[in-house]
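Here are my notes on the model, point by point. Please keep the structure open as you read.

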Amino acid sequence: MAAPGARGCSLAGLLPAQTQLEYALLDAVTQEEKDSLVYQYLQKVDGWEQDLSVPEFPEGLEWLNTAEPISVYKDLCGKVVILDFFTYCCINCIHLLPDLHALEHTYSDKDGLLIVGVHSAKFPNEKVLDNIKSAVLRYNITHPVVNDADASLWQELEVSCWPTLVILGPRGNMLFSLIGEGHKDKLFLYTSIALKYYKDRGQIRDNKIEVKLYKDSLPPSPLLFPGKVTVDHVSNRLVIADTGHHRILVVRKNGEIQYSIGGPNPGRKDGIFSESTFNSPQGVAIRNNIIYVADTENHLIRKIDLEAEMVSTVAGIGIQGTDKEGGAQGEEQPISSPWDVVFGTSGSEVQRNDILWIAMAGTHQIWALLLDCGRLPKKNELKKGTCLRFAGSGNEENRNNAYPHKAGFAQPSGLSLAPEDPWSCLFVADSESSAVRAVSLKDGAVKHLVGGARDPMNLFAFGDVDGVGVNAKLQHPLGVTWDKKRNLLYVADSYNHKIKVVDPKTKNCSTLAGTGDASNVTTSSFTESTFNEPGGLCIGENDQLLYVADTNNHQIKVMDLETKMISVLPIFRPDNAVVDGPFLVEKQKTLPKLPKSAPNIRLSPVAASPGQTLQFKLRLELPSGTKLTEGVPSCWFLAAEGNEWLLQGQIPSGEIESISSQPAISLQIPGDCLSLEAVISIRVFLYYCSADSSACMMKGVLFSQPLQISSAHQGGIAPVELKYGF
């Protein structure tokens with residue numbers, strides 16, 4: 001079907017008829033009445049002289065989860081289509097995803113339904129395809145997503161806010177729009193009746209839309225989108241929210257896993273460690289072998305008892321709450337997308353850690369969970385287990401106020417406590433206002449520190465500018481941690497891919513580490529190293545080391561604040577095996593044997609140093625008149641027999657898709673080396689055929705690379721060529 005000609009196609013055209021429908025639905029009592037009203041509405045809209053037709057997707061846009069670009073008027077003809085206008089930072093957009101998952105579970109493309117995510121960025125960082133890829137993985141989005149970086153569809157349809165759903169009929173004709181979150185019942189009602197209406201008219205096609213999931217192309221990884229990290233100052237253990245694997249890791253300071261709790265799939269189950277499950281956990285706090293977890297997508301606060309090896313729920317009911325006051329006992333109190341947690345102390349003079357402060361991103365507030373009987377500023381005595389609001393009106397704003405309930409936050413996502421005078425405050429990474437704020441522990445007053453804008457309604461005052469107070473600019477910061485030794489605050493400036501440092505006395509904010517590029521270069525220099533959307537950070541080792549959850553690089557970075565060196569923490573099991581990744585196909589892959597005829601090429605020894613990255617560049621030549629076999633992946637594998645510690649946290653295998661563009665295989669030498677001599681083996685398997693495909697063969701080659709590792713950290717990248725002609 002041809003696309004319609006240029007004409008008015010804004011959502012405003014639906015407003016009068018849909019408003020009339022929604023008023024009528026308020027008076028409907030039975031489900032049959034509601035179904036009938038929507039069916040009659042569709043008869044009316046479908047009978048309009050001219051469709052309100054959605055414009056075609058512009059050419060040249062980047063697509064994810066699909067083999068090729070999708071056309072509204074070719075591929076989607078005969079489907080009921082839901083366009084989800086979203087941006088991946090938006091908590092309201094994240095809240096909508098479970099509704100879309102449930103809808104996809106109920107209806108498939110064979111039933112005539114397809115959901116298409118239209119990513120319309122708020123922040124410049126969100127326009128980058130690689131960053132959208134990471135979000136698609138984090139939130140397990142399995143339908144096609146288009147990167148509408150210039151928001152052309154958004155503007156043509158006059159979409160006004162995130163998220164917005166637009167439901168289309170089988171001609172690309174607009175039927176309904178739903179603005180914001182919390183419309184699950186209407187979404188299911190409108191979709192089910194639209195499918196029935198057009199099926200009754202024979203206009204639904206059951207053709208399958210080719211979906212090619214981005215996640216299926218990824219290798220296993222020890223960590224997957226780690227969101228937050230904290231230190232147990234007594235034992236020097238780290239607790240990591242391995243968010244993408246839906247689990248909590250407790251690791252020793254050398255990276256060896258002591259406990260792995262939950263994962264690899266999302267769930268909601270209390271009990272012994274082997275049975276417990278989480279759903280995209282974020283903030284973690286540990287004291288005396290007790291860990292509290294912001295179990296974000298379960299809308300729960302969980303408690304992990306390391307001695308009893310049990311998980312329990314201490315706040316939340318397991319579904320998203322809308323209550324902005326609280327006051328019930330924790331396990332009876334609905335909460336919404338808790339993103340970070342930190343211990344605090346009530347009005348008592350004794351430091352008891354009897355409060356758990358919560359960054360409640362979903363309601364744009366700061367909450368408190370009473371771990372013992374105590375009081376909050378200007379509150380009466382509260383019972384143990386009470387969960388309630390401390391600061392924030394619930395309106396999404398950048399509003400500072402001496403009265404904590406009149407202040408407004410915008411998706412607070414990181415917390416850190418500075419209990420000592422003169423600070424006596426809770427620092428907050430307020431992500432959607434791109435600001436860092438402070439909440440007084442004495443009276444709850446909310447004050448601005450750096451970033452953002454003076455206008456409390458301006459949530460678009462972001463950038464990457466070192467400076468003082470409001471003149472400094474951040475971009476969607478997600479984490480903060482307090483350095484009491486130096487009286488400094490470190491900030492995970494997530495969308496600027498930097499770690500920044502703030503002096504709360506002068507309000508000066510400056511870059512500590514990161515170039516601003518979203519990549520993964522680890523050198524000995526803070527300023528030359530790179531991050532990719534770091535989400536959390538904490539300080540340990542007597543205030544010497546700063547641990548960073550480098551979320552999109554799937555790593556924990558370690559920054560030495562005294563030597564100014566940076567390294568990657570290897571994550572491994574006690575038997576030195578690499579931690580299982582999320583993709584079972586990769587996990588079960590065994591190392592194939594090389595043919596007996598495969599040559600073994602022993603290379604000259606290479607000098608290497610801790611922190612340095614060796615980059616093995618394949619330079620393979622096929623015999624004349626041959627080509628790689630289609631459909632059979634040629635591949636490479638890394639091995640280090642007797643020195644498996646070298647491969648902890650590395651990508652151990654990959655495919656060779658083209659002879660003209662062969663991969664470079666990276667191996668980063670760990671910061672803690674168990675031996676100064678080792679041999680790395682690179683096995684290569686090539687499947688190729690004659691040009692006419694009359695004969696195909698498999699050939700292999702083994703490269704053995706001896707390493708001589710120095711004790712001094714050096715960093716940087718050292719290229720090594722692996723040449724061979726078959």
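1. The centres of domain 2 and domain 3, taken over C-alpha atoms, are 40 Å apart. The chain is assigned domain 1 (11-215), domain 2 (223-569) and domain 3 (600-725). These bounds come from an automatic or database domain assignment.

2. This is a predicted model: local features need pLDDT of at least 70, side-chain atom pairs count only at pLDDT 80 or more, and totals for chains, interfaces and linings use all residues. Residues are numbered from 1 along each chain as its sequence is written, and side-chain values use heavy atoms, without hydrogens or water.

3. Helix H2 (residues 31-46) packs against helix H6 (residues 184-200) at about 60°, with the axes 9 Å apart. Helices (H or I, at least four residues) and strands (E, at least two) are DSSP runs, numbered from the N terminus. Axes are lines fitted to C-alpha atoms, for helices over the stretch in contact, and angles run from 0 to 180 degrees between N-to-C directions. H2 and H6 are therefore oblique to each other. The cut-offs: under 35 degrees is roughly parallel, over 145 roughly antiparallel, 65 to 115 roughly perpendicular, and the rest oblique.

4. H2 and H6 cross in a right-handed sense. Right-handed means that the near helix is turned clockwise from the far one by less than a right angle; anticlockwise is left-handed. Contact residues (heavy atoms within 4.5 Å) include Val38, Tyr39 and Leu42 of H2 and Leu189, Tyr190 and Ile193 of H6. By class, this contact has nine nonpolar, two polar and five charged residues. Ala, Val, Leu, Ile, Met, Phe, Trp, Tyr, Cys and Pro count as nonpolar, Asp, Glu, Lys and Arg as charged, and the others, Gly among them, as polar.

5. Helix H1 (residues 15-27) also packs with H6, at about 110° and with axes 14 Å apart. H1 and H6 are therefore roughly perpendicular. Gln18, Leu21, Glu22 and Leu25 of H1 meet Lys186, Leu189 and Tyr190 of H6.

6. Check two peptide bonds. Tryptophan 162 to proline 163 is cis, with omega near -15°. Proline 163 sits in the loop between helix H5 (152-157) and strand E5 (164-168). Aspartate 421 and proline 422 are also joined by a cis bond, with omega about 10°. Proline 422 lies in the loop between strands E21 (412-418) and E22 (425-430).

7. Asparagine 65 has a positive phi, near 65°. Asparagine 65 is in the loop between strands E1 (62-64) and E2 (80-86).
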